[in-house]
Structure formats: structure tokens, C-alpha cells
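Please look over the structure below before reading on. The notes that follow are grouped by topic.

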Amino acid sequence: MIKEFKEFLLKQNALALAIGVIIGAAVGKIVGSIANNVINPVIGLLLPGGDWRDAKIVLASTTDAAGKVSEVAIGYGQLIGAIVDFVIIAFVVFLIAKAFLPKPGEAPKTKACPQCLETVPAAATRCRACSQPIP
């Protein structure tokens, strides 16, 4: 059973997928920390009112018998914060992908068959779809 499990891991690339998920989670924590501890405080300094993630539009406010105030509000600051976090994380993932993934090469040159309009390599002398000679 252990042998079959090892073969499954190697054959199905499950191990590579698991490593990718673990690394992705770690990078997500780092990027989230950068967003929360570096970028968001700078944004908070630039905006009047300080803690912009707590920004809200109060629709109704009531006070109960104990004197506790409860509000019904639209918390748009949390939404803006989530959008900022997403943009930062997406940008960092883009930079990592650009740095580590291979650059795509030039697409091979092609031409169209005059009979069936199938796309064939530029050096082809006969169409693979209709077998007609290509000038």
C-alpha cells in the first residue's frame, strides 16, 4: 500500500501540487503582512481620519436600556481594505511569476491552406486536414 501511495504521488504530481500550495500559503502570509504592516499605515496617514478600514456610513443608531449604543452601518472601509489587499497580493504574485516562470518563445510561423483554411506550419507542403498541396 505504501508503494502504491508513493507511485501515486510521483505519477500524478500530487507532491508538486502540495508543495505549491504550501509555498503559496507562506507567500500569502508574507504579502498580507506587508499589506497590513507597511502599506496600509501609509495609506492611513495620507487619508484624513486615521483608521480608514473602520470607515462606515451609519444608517441607524439605537441605545438600549443599559446605555449600549448599537449601529446599523455600511462598512465601506473594510471593502476598500479588501480591494487594496487584493491588488497588493495580485501585484506581488505577478512579480514572482514574471521572475520565475520562463518567458514564452515566439510562436511558430504558420499559413492557411487555400482549400480548407486549416492552419499549417509555414514550411508545410501539404495540408494535414485535406491533403491538398500548398503552394
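A residue is called buried when its relative accessible area is under 20%, exposed when the value is over 50%, and partly exposed in between. Lys 56, at 42% relative accessibility, therefore counts as partly exposed. The model is a predicted one.

**Helix H2**

- Helix H2 covers residues 14-46.
- Its 33 residues should span 48 Å at 1.5 Å a residue, and the C-alpha atoms at the ends of H2 are 46 Å apart, which agrees.
- H2 has a kink of about 35° at Ile 39.
- The buried residues in H2 are Val 31, Gly 32, Ala 35, Asn 40 and Gly 44.
- Which helix is included in what covers these buried residues of H2? Helix H3, residues 76-100, is part of that cover.

**Helix H3**

- H3 has 25 residues, which at 1.5 Å a residue should span 36 Å.
- Gly 77, Gly 81, Val 84, Asp 85 and Ile 88 are buried in H3.
- An α-helix has 3.6 residues a turn, so residues three or four places apart point the same way.
- H2 is included in what covers the buried residues of H3.
- Tyr 76 is placed in helix H3. With a relative accessibility of 38%, Tyr 76 is partly exposed.

**Lys 56 and its surroundings**

- The structure has two salt bridges. One of them joins the side chains of Lys 56 and Glu 71, with 2.8 Å from N to O.
- Why does the pair of Lys 56 and Glu 71 tie together parts that are 15 residues apart in sequence? Lys 56 lies in the loop between helix H2 and strand E1 (57-63), while Glu 71 lies in strand E2 (residues 69-74), so the pair links these two places.
- Glu 71 is partly exposed, at 41% relative accessibility.
- Apart from neighbours within four places in sequence, Lys 56 is in contact with Glu 71, Ala 73, Ile 74, Gly 75 and Tyr 76.
- Lys 56 and Gln 78 are 22 residues apart along the chain, and their C-alpha atoms are separated by 8.6 Å.

- Ile 57, Leu 59, Val 72, Ile 74, Tyr 76 and Ile 80 make a nonpolar surface patch of about 550 Å².
- Which elements give two or more residues to this nonpolar patch? They are E1, E2 and H3.

**The salt bridge of Glu 118 and Arg 128**

- Another salt bridge is formed where the side chains of Glu 118 and Arg 128 meet, at 3.8 Å from N to O.
- Glu 118 is in the loop between strand E3 (110-112) and strand E4 (119-121), and Arg 128 is in the segment after E4, so the pair ties together parts that are ten residues apart in sequence.

**Ile 134**

- Ile 134 is located in the segment after E4.
- Ile 134 counts as buried, because its relative accessibility is 9% and the cut-off for buried is under 20%.
- Which residues are in contact with Ile 134, leaving aside neighbours within four places in sequence? They are Lys 111, Cys 113, Val 120, Ala 124, Thr 125, Arg 126 and Cys 127.
- Between Ile 134 and Pro 114 there are 7.3 Å in space, C-alpha to C-alpha, and the two are 20 residues apart in sequence.

**Residues with a positive phi**

- Leu 117 is not a glycine, yet its phi is positive, at about 65°.
- Leu 117 sits in the loop between E3 and E4. With a relative accessible area of 63%, Leu 117 is exposed.
- Ser 131, also a residue other than glycine, has a positive phi near 65°.
- The segment after E4 holds Ser 131. Ser 131 is partly exposed, and its relative accessible area is 43%.

How values were computed. Residues are numbered from 1 along each chain as its sequence is written. This is a predicted model: local features need pLDDT of at least 70, side-chain atom pairs count only at pLDDT 80 or more; totals for chains, interfaces and linings use all residues. Side-chain values use heavy atoms; hydrogens and water are left out. A salt bridge is a side-chain nitrogen of Lys or Arg within 4 Å of a carboxyl oxygen of Asp or Glu. Helices (H or I, at least four residues) and strands (E, at least two) are DSSP runs, numbered from the N terminus. Buried means under 20% relative accessible area, exposed over 50%, partly exposed in between (1.4 Å probe, protein chains only). The expected span of a helix is 1.5 Å times one less than its number of residues. The bend at a residue is the angle between axes fitted to the seven residues ending there and the seven starting there. Contact means heavy atoms within 4.5 Å. Patches are made of residues with over 30% relative accessible area and no salt bridge: like charges are joined within 9 Å, nonpolar side chains (Val, Leu, Ile, Met, Phe, Trp, Tyr) within 5 Å. Accessible areas come from the Shrake-Rupley method with a 1.4 Å probe; for residues, only the protein chains shown count as cover.
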